[in-house]
Amino acid sequence: CQPTQFGWGWDASVMEYCDLMERGVVDPAKVTINAIDNSASVAGLVLTTECLVTEIPIEMSEEEKQKMFDQSAMAAGMGPGITQ
């Protein structure tokens with residue numbers, strides 16, 4: 001265990017505890033503060049709306065993905081029914 005001084009924390013790029021200021025991570029607390037702030041914001045939104053919309057991923061083969069792209073994405077931005 002490393003000492004728990006100010007600036008000590010987990011450096012994910014090398015997977016070890018170190019003095020983050022010495023390694024060049026200028027403000028290690030800013031990431032944590034932003035993560036907590038954003039998660040609190042999302043939690044508040046979910047609590048006030050009483051619902052949450054998510055997308056359920058669909059497993060598709062590369063062939064199916066290519067077929068879907070060929071059918072829909074080739075006309076991206078032009079709207080349905082408009083062809084060149």
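Select glutamate 62 and lysine 65 to begin: they sit 3 residues apart in helix α3 (residues 62–72), so about one helical turn separates them. Helices here are DSSP runs of H or I with at least four residues, strands are runs of E with at least two, and both are numbered from the N terminus. You are looking at a predicted model, in which local features need pLDDT of at least 70 and side-chain atom pairs count only at pLDDT 80 or more, while totals for chains, interfaces and linings use all residues. Numbering starts from 1 along each chain as its sequence is written, and side-chain values use heavy atoms, with hydrogens and water left out.

Stay on that pair for a moment. Glutamate 62 and lysine 65 form a salt bridge, with their closest N and O atoms 3.6 Å apart; the term means a Lys or Arg side-chain nitrogen within 4 Å of an Asp or Glu carboxyl oxygen. Glutamate 62 is exposed at 61% relative accessibility, and lysine 65 is partly exposed at 42%. The cut-offs, with a 1.4 Å probe and protein chains only, are under 20% relative accessible area for buried, over 50% for exposed, and partly exposed in between.

Now zoom out to the whole chain. It has 3 helices and 2 strands, running β-β-α-α-α from the N terminus. Of its 84 residues, 6% count as buried. Color by pLDDT, the predictor's per-residue confidence from 0 to 100: the chain averages 78, and 79% of the residues score at least 70.

How many salt bridges are there by this rule? The count is 3. Arginine 23 pairs with aspartate 11, closest N and O atoms 3.2 Å apart. Arginine 23 lies in helix α1 (residues 20–23) and aspartate 11 in strand β1, so this pair ties together parts that are 12 residues apart in sequence. Arginine 23 also bridges to glutamate 16, this time with the closest N and O atoms at 2.4 Å. Both arginine 23, at 39% relative accessible area, and glutamate 16, at 34%, are partly exposed.

Click on aspartate 11 next. Is it buried or exposed? Aspartate 11 is buried, with a relative accessible area of 9%. Its side chain also makes a polar contact with the side chain of serine 13 at 2.7 Å. That label takes a pair of N or O atoms within 3.5 Å; within protein, one must be able to donate a hydrogen and the other to accept it, and residues adjacent in sequence count only if both atoms are side-chain atoms. Show what surrounds aspartate 11, skipping neighbours within four places in sequence, and you get contacts (heavy atoms within 4.5 Å) with Glu16, Cys18, Leu20 and Arg23.

Last stop: methionine 15, in the loop between β1 (8–11) and β2 (16–19). Methionine 15 is exposed, at a relative accessible area of 55%. Check its backbone too, as methionine 15 has a positive phi of about 55° although it is not a glycine. Most residues other than glycine have a negative phi.
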